[in-house]
Amino acid sequence: MTAIHPQPRPHSRIRWRTPITMVILLGILVGGGWWGWNSLVNSSAEPTCTEQKLTNNRLVPKQVVLNVYNGGARAGSAGRVAEALKQRGFNIDKVANEPKGDKVDVVALRGAAADAPEMLLVAGQLNQKAVMVADGRTDHTVDLVIGAGFGSVKLKGIPSVTVAPGATVCLPVIHSPQPIPSGQNPN
């Protein structure tokens, strides 16, 4: 028979590594929560539009930001329409295929309200009657979605839209492109 050897006694030494790690991780969690809350409460987000009184109570194309989307028209149609409207003074932000993938028969306009002055000004540039879609956007940009049945813009669109005297209009903030410093990647 073999002799039974006595088992070594466990050390009564306290292991501090786990509690210290937990305290550090808890500190990181609390610090991250505090930073996130401060970022949310003290947000420095830029306004999407500014309330302004219009000169002579008229809204002109240079005060409108327009996105032109292809919603079923031939390739390149959105680019041609955007270029024509840019020459009239509109600020063109995006030219692309319709982001939601929606197809339009002729033409549709999307904006803050169906009777918003910026929507009426863009509608006055078109040969066809546009379907007006009010989506309640807060930045007051206008989306022009052209479909397969869209012909062209008018040779001479309306130059401005009248607003009520003394009324303020929320005009989109227009960001001018910043020059890229020499040697820096724009992406």
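In what order do the strands of the open five-stranded sheet lie? The close-up views of this predicted model described below begin with that sheet and then turn to the elements around it.

View 1. The five strands of the open sheet follow the order S4-S3-S7-S5-S6, and their pairing is mixed. Strand S4 (91-97) and S6 form the edges, each of them pairing on one side only. Averaged over the sheet and with direction ignored, neighbouring strands are turned by 20 degrees against each other. Strands of a sheet pair through backbone hydrogen bonds, in either a parallel or an antiparallel manner. S3 and S4 run parallel and are joined by five bridges, and in this part of the model asparagine 70 stands opposite asparagine 97 of S4.

**View 2. Helix H2 lying across the sheet.** Helix H2 lies across S3, S4 and S7, and its direction makes an angle of about 175 degrees with that of S4.

**View 3. The largest nonpolar core.** This core has 28 residues, and those with the most contacts inside it are Leu66, Val81, Leu109, Leu126, Leu144 and Ile146.

**View 4. The surroundings of leucine 144.** When neighbours within four places in sequence are left aside, leucine 144 is in contact with Leu66, Asn67, Val68, Tyr69, Val81, Leu85, Val107, Ala108, Leu109 and Leu126. Among these partners, Leu66, Val81, Leu109 and Leu126 are listed, together with Leu144 itself, as residues with the most contacts inside the core. Strand S7 (residues 142-146) has the highest confidence in the protein, with a mean pLDDT of 94.

**View 5. Strand S9 and its pairing with S1.** S9 is largely enclosed by the rest of the structure, because four of its five residues are buried. S1 and S9 run antiparallel and are joined by five bridges; lysine 53 has threonine 168, a residue of S9, as its bridge partner. Confidence is lowest in S9 (residues 168-172), where the mean pLDDT is 77, and this view should be read with that value in mind.

**View 6. Two loop residues with positive phi.** Most residues other than glycine have a negative phi. Asparagine 57, in the loop between strand S1 (49-53) and strand S2 (58-59), has a positive phi near 55 degrees. Because its relative accessibility is 24%, asparagine 57 counts as partly exposed. Histidine 140, found in the loop between strand S6 (131-134) and S7, likewise has a positive phi, near 60 degrees.

**View 7. The whole chain, for orientation.** The protein contains three helices and nine strands, which run α-β-β-β-α-β-β-α-β-β-β-β from the N terminus on. Of its 187 residues, 29% count as buried, and the accessible surface comes to about 13,300 Å², with 58% of that area belonging to carbon and sulfur atoms. Among contacts between residues at least 6 apart in sequence, 78% join residues at least 24 apart. The average pLDDT of the protein is 84, and 84% of the residues score at least 70.

Technical notes: Residues numbered from 1 in each chain as written. Predicted model: local features only at pLDDT ≥ 70, side-chain atom pairs only at ≥ 80, totals over all residues. Heavy atoms only, no water. pLDDT = per-residue confidence, 0-100. Buried < 20%, exposed > 50% of the residue type's maximum accessible area, 1.4 Å probe, protein only. Core = buried A, V, L, I, M, F, W, Y, C linked by side-chain atoms within 4.5 Å. Contact = heavy atoms within 4.5 Å. Pairing = 2+ DSSP bridges. Axes fitted to C-alpha atoms, helices over the stretch in contact; angles between N-to-C directions. Areas by Shrake-Rupley, 256 points an atom, 1.4 Å probe, with all protein chains shown as cover.
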